[in-house]
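Please consult the sequence and the structure while reading.

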Amino acid sequence: YAQTLGGNRYEFYQKLLSVDWDNELALEIDLRHAIERQELQLYYQPKVDLRTGEIVGAEALLRWFQQAKGFISPAKFIPIAEETGLIKPISDWVLKTACKHTKLLHQEGLGFIRVAVNLSGYQFNQEELPQQLLKITLSAGIEPKFIEFELTESLLIADVKLAVDKLKLLKSLGIKIAIDDFGTRYSSLNYLQQLPFDILKIDQCFVRDIEHNSKKQAITKAIIDMAHQLGLKVIAEGVETAGELQFLCQNGCDEMQGYLFSRPLPFRDFKQLVKSKAILSIK
Ligand code: C2E
Ligand code: MG
Ligand code: MG
Ligand code: MG
């Protein structure tokens, strides 16, 4: 009996050891076909103004619905795409699709919505990003100023001076720049003073249960005050409860995103939500 068990166990461990590698390889192979098979979609999560409760923007979030495997999280496949170079066609698809949707919003009189796109490391490092952006917005029939880029800190620190120049160039085209997941990585006050951001997004790890955690409260208050002194707008990510919302409202946060108001939605549903003039009641 013990031996059988041992044997099974051996197989089990073998599987365990090989599972990640197999998965990654299989995912990579599937990902190569994701665009042509039309398995990618952009979902939109509303950004809500905390003074009015109205939707003022949206973050485009990539969704991959693989034929056999079903939904696969971007947190899982974006890193694989980055490693394998597949990020290039995927990022192009994301930017094109987001611009196409932005144009549709404009055609329906919803041009006040700012659409934010997450920028990959590949895109940010691409020499011709500004030209690419101009080309894509031009062919979609919108101005670059209607698009926002969300960048994480790790994209910027490799060469701060180079990043400053790039961001300035992008901003000269009208693009707004948001720093994403603020506070989770190498947050350095040195680059905060140098890099020309417009928006700071407080990561959801600070937001979670903030009303019960005095340390998170202290940090978040300080971030909001500092950002405002620097002339940045502050958005809180991942707001799930009324308690979290209340703290953020009382402490001057400008906007929020989170399941409390809405999950990321397919474009049509998002558009309907904006049209319905959905509002967050802030008490
Ligand atoms: P992110 O840009 O920080 O996006 C926020 C993540 O939080 C999203 O996860 C969103 O669905 C999730 N979220 C929003 N509200 C809540 C909430 O109330 N509670 C909780 N628990 N989560 C919430 P998602 O869509 O899985 O995306 C994960 C990450 O993948 C993104 O983090 C972003 O870094 C990356 N990503 C997504 N789409 C793209 C894309 O088109 N291009 C690139 N380069 N990266 C993308
Ligand atoms: Mg983001
Ligand atoms: Mg984030
Ligand atoms: Mg994140």
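## A salt bridge between partly exposed residues

Lys145 has a relative accessibility of 47% and therefore counts as partly exposed. The model discussed here is predicted. Lys145 pairs with Glu143 in a salt bridge, in which the closest N and O atoms are 3.7 Å apart. Glu143 is likewise partly exposed, its relative accessible area being 44%.

Salt bridges with shared partners also build one network, which joins Lys47, Glu59, Arg114, Glu148, Glu150, Lys201, Lys233, Glu237 and Glu255.

## Salt bridges across the chain

The structure contains 20 salt bridges. In one of them, Glu148 meets Lys47, with 3.4 Å between the closest N and O atoms. Glu148 belongs to strand E5 (residues 147-152) and Lys47 to strand E1 (residues 40-49), so this pair ties together parts that are 101 residues apart in sequence. Glu148 and Lys47 are both buried.

Another salt bridge joins the side chains of Glu108 and Lys275, at 2.4 Å from N to O. This pair links distant parts of the chain, 167 residues apart: Glu108 is in the loop between helix H3 (87-107) and E4, and Lys275 is in helix H11 (residues 267-275). Glu108 counts as partly exposed at 31% relative accessibility, and Lys275 is partly exposed with a relative accessible area of 38%.

## The magnesium ion (ligand 2)

Glu59 (OE), Asn118 (OD1), Glu150 (OE) and Asp180 (OD) coordinate the magnesium ion (ligand 2) at 2.0 to 2.2 Å. Along the chain, the donors of this ion follow the spacing E-x58-N-x31-E-x29-D. Asn118 is located in strand E4 (residues 114-118) and Asp180 in strand E6, so the two residues tie together parts that are 62 residues apart in sequence.

Asn118 counts as partly exposed, at 28% relative accessibility, whereas Asp180 is buried, with a relative accessible area of 6%.

Asp181 lies in strand E6 (residues 176-182), and Glu237 in the loop between strand E8 (233-236) and helix H10 (242-250), so the pair ties together parts that are 56 residues apart in sequence. Asp181 and Glu237 are buried.

Which residue bridges the magnesium ion (ligand 2) and the magnesium ion (ligand 3)? The bridging residue is Asp180, and the two ions lie 4.1 Å apart.

Technical notes:
Residues are numbered from 1 along each chain as its sequence is written. Chains are lettered from A and ligands numbered from 1 in the order in which they are written. This is a predicted model: local features need pLDDT of at least 70, side-chain atom pairs count only at pLDDT 80 or more; totals for chains, interfaces and linings use all residues. Side-chain values use heavy atoms; hydrogens and water are left out. Helices (H or I, at least four residues) and strands (E, at least two) are DSSP runs, numbered from the N terminus. Buried means under 20% relative accessible area, exposed over 50%, partly exposed in between (1.4 Å probe, protein chains only). Donors are N, O and S atoms within 2.8 Å of the metal (3.2 Å for Na, K and Ca); water is not among the atoms, so sites may look incomplete. A salt bridge is a side-chain nitrogen of Lys or Arg within 4 Å of a carboxyl oxygen of Asp or Glu.
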